[in-house]
Amino acid sequence: MLQQFYPTPAHDYRYELNKDMHFAAAHFLPNENAGICQRLHGHTYFANITIVGEELDECGFLVNFQTLKKLVHGVYDHSLLNDHADFKDLPPSTEIVAEATWRRIQTYLDQTPNKPRCIQVLVRETPTSYVRYIPHTKDFA
C-alpha cells in the first residue's frame, strides 16, 4: 500500500491513531445524473481512519488496529456495497461510504470504556479522488 499522509482536523486530544486499509468492492449509483456510475462497477477503495482520545484501554490502545480492519475491510471487502444495510437509504457514493464507515466505527467506539472518538474518515475511490468525512461535535454520544 502506498503510504500517504492526509490532513487531520485540529484537536486537543492526547492520542491520535490513524489506520490505513483498503477494500475491493462494487457499487452502482441508481440515478440518471450519476452518468456512467449508474452501471455496476468496482473500485479498490483506500480508507484512512483517524481516532483520538484521552484514555487508553487495558492493552494500552485507543482501539485495536485489527478491530478497525474487521469493522471496515471485514464487512465491505469483495462485496456489492448496494446490498449492505448501511446504504439502504442512500446510494453508496464515496461521500456516503465515508459517512457510513464513520457511523460503523463510532458505534463500536461508543461501547468501549475509554470512549475514543473517530474524528475523520477519508475514503479514496481512485488515485485522483478522495472524500473526507468529518463529523460534527453533536454527532458524538
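**Group meeting: strands, helices and cysteines**

Let's start with one residue. Leu17 sits in strand E1, which covers residues 15–27. Keep in mind that this is a predicted model.

Is Leu17 buried or exposed? Leu17 counts as buried, because its relative accessibility is 9% and the cut-off for buried is under 20%. What does Leu17 touch, if we leave aside its neighbours within four places in sequence? Its contacts are Ile49, Thr50, Ile51, Leu62, Val63, Phe65 and Leu68. Take Thr50 from that list. Leu17 and Thr50 are 33 residues apart along the chain, yet their C-alpha atoms are separated by 5.7 Å.

Now the strand pairing. E1 pairs with strand E2, residues 41–53. The sense is antiparallel, and there are 13 bridges. One place to look is Lys19, which stands opposite Ile49 of E2. Ile49 is also among the contacts of Leu17.

E1 has another partner, strand E3, residues 79–80. Here the sense is parallel, over two bridges. Which residue of E3 is the bridge partner of Ala26? That is Leu80.

On to the helices. Helix H1 runs over residues 65–76, and helix H2 over residues 94–109. How do H1 and H2 pack? Their axes are 10 Å apart, at an angle of about 140°. So H1 is oblique to H2. The crossing of the two helices is right-handed.

Which residues meet there? From H1, we have Thr67, Leu68, Leu71, Val72, Val75 and Tyr76. From H2, the residues are Ala100, Thr101, Arg104, Ile105 and Tyr108. Notice Leu68 in H1. Leu68 is in contact with Leu17 as well, and Leu17 belongs to E1.

Last topic, the cysteines. How many disulfides does the model have? The count is zero. Cys59 is in no disulfide. The nearest cysteine sulfur to Cys59 belongs to Cys118, and that sulfur is 20 Å away. A disulfide here would need the two sulfur atoms within 2.5 Å.

What about accessibility? Cys59 is exposed, because its relative accessible area is 53% and exposed means over 50%. Cys37 is at 27% relative accessibility, so Cys37 counts as partly exposed.

To recap: Leu17 is buried, E1 pairs with E2 in the antiparallel sense, and H1 is oblique to H2.

Technical notes. Residues are numbered from 1 along each chain as its sequence is written. This is a predicted model: local features need pLDDT of at least 70, side-chain atom pairs count only at pLDDT 80 or more; totals for chains, interfaces and linings use all residues. Side-chain values use heavy atoms; hydrogens and water are left out. Helices (H or I, at least four residues) and strands (E, at least two) are DSSP runs, numbered from the N terminus. Buried means under 20% relative accessible area, exposed over 50%, partly exposed in between (1.4 Å probe, protein chains only). Contact means heavy atoms within 4.5 Å. Two strands pair if DSSP finds at least two bridges between them. Axes are lines fitted to C-alpha atoms, for helices over the stretch in contact, and angles run from 0 to 180 degrees between N-to-C directions. Angles under 35 degrees count as roughly parallel, over 145 as roughly antiparallel, 65 to 115 as roughly perpendicular and the rest as oblique. A crossing is left-handed if the near helix is turned anticlockwise from the far one by less than a right angle, and right-handed if clockwise.
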